[in-house]
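Biologist: I would like a close look at one part of this model. Please take me through how its side chains pack.

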Amino acid sequence: MKGSAKIAVFTNVCLGMLLLVVGLVCFLPQGVSTAGKLSDRVYYEGNRDSKYVSLMFNVYWGTEYLPSILDTLDEYQVKATFFVGGSWADGNTETLRTLVARGHEIGNHGYFHKDQDKLSYEKNVEEIKICGELVQKLTEAEPKLFAPPSGAYSENTVNAAASLGYKVIMWSKDTIDWRDRDQSLIYRRATQEIAGGDLVLMHPTAETASALPSILHYYREQGLEQVPVSTNISGIEKA
């Protein structure tokens, strides 16, 4: 009987520990178990087996530098992706139409440049939807890529974008040109250890416009092809 009692105690202890573990798992915050999966649903790079690189310009300001940037892209016969803010597009219709007319890809950057990670699912939908519908109304181009302002996103953001048919785009290289108005620094950040599949983040600044010819020349020398983001990520499936 003593042996049986010991076995019963041991069994009860094991069962109690099992119930404790199950309880802890059940009550963990949802973000703990989904964080990895969430990042797997976002594009931080394109096709690493290719020779593609993509320049992506986030546009809420800097309209005066876009003509120079467009002329350089034309000179090198390449197309880029411009993620436009809805409030910018609303006040710069002709410039937006010029981007489309010259064959560049238009992406969605939200309407008011809000931190999307702080918004509810419904507000994420609103920010993305209003911007996309405005761009389509003004240009007939239908954006399918969404770049969260400031790179801030949450599960609500990713789910909202997916519900509207968008892919969420981040970057693999950031020139930080909005902060560091230094042409040589922008060039270095856009070219250092550049490789196929890189997504290079930029903004329309005077220094970026000045650095762009040298950047595109370097890409060409390295045998890399500057393409829109959608071409770079083509064939990559996300959960």
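Modeller: Start with Tyr 219. Leaving out residues up to four places away in sequence, Tyr 219 touches Val 53, Leu 55, Ala 190, Thr 191, Ile 194, Val 200 and Leu 224. Contact here means heavy atoms within 4.5 Å. Note that this is a predicted model: local features need pLDDT of at least 70, side-chain atom pairs count only at pLDDT 80 or more, and totals for chains, interfaces and linings use all residues. Numbering runs from 1 along each chain as its sequence is written, and side-chain values use heavy atoms, with hydrogens and water left out.

Tyr 219 belongs to the largest nonpolar core, which has 35 residues. Along with Leu 55, Phe 57, Phe 82 and Val 84, Tyr 219 is listed among those with the most contacts inside that core. A nonpolar core is a set of buried Ala, Val, Leu, Ile, Met, Phe, Trp, Tyr and Cys residues joined through side-chain atoms within 4.5 Å. Buried means under 20% relative accessible area, exposed over 50%, and partly exposed in between (1.4 Å probe, protein chains only). Helix H9 gives the most to this core, with 6 residues. Helices (H or I, at least four residues) and strands (E, at least two) are DSSP runs, numbered from the N terminus. In soluble globular proteins, nonpolar side chains tend to be buried together.

H9 (residues 206–221) also packs on helix H3 (residues 66–75). Their axes come within 9 Å and cross at roughly 15 degrees. Axes are lines fitted to C-alpha atoms, for helices over the stretch in contact, and angles run from 0 to 180 degrees between N-to-C directions. H3 and H9 are therefore roughly parallel to each other. The bands are: under 35 degrees roughly parallel, over 145 roughly antiparallel, 65 to 115 roughly perpendicular, and the rest oblique. The crossing of H3 and H9 is right-handed.

From H3, the contact uses Ser 68, Ile 69, Thr 72 and Leu 73. From H9, Ala 209, Leu 212, Pro 213 and Leu 216 take part. By class, the contact of H3 with H9 has 6 nonpolar, 2 polar and no charged residues. Ala, Val, Leu, Ile, Met, Phe, Trp, Tyr, Cys and Pro count as nonpolar, Asp, Glu, Lys and Arg as charged, and the others, Gly among them, as polar.

Look at Thr 72 in H3. Thr 72 counts as buried because its relative accessibility is 6%. Setting aside neighbours within four places in sequence, Thr 72 is in contact with Leu 212, Pro 213 and Leu 216.

Now set this part in the whole chain. The protein has 10 helices and 8 strands. Of its 239 residues, 44% count as buried. Among contacts between residues at least 6 apart in sequence, 78% join residues at least 24 apart. Ile 233 sits in the segment after helix H10 (229–232). Ile 233 is buried, with a relative accessible area of 1%.

Technical notes
A crossing is left-handed if the near helix is turned anticlockwise from the far one by less than a right angle, and right-handed if clockwise.
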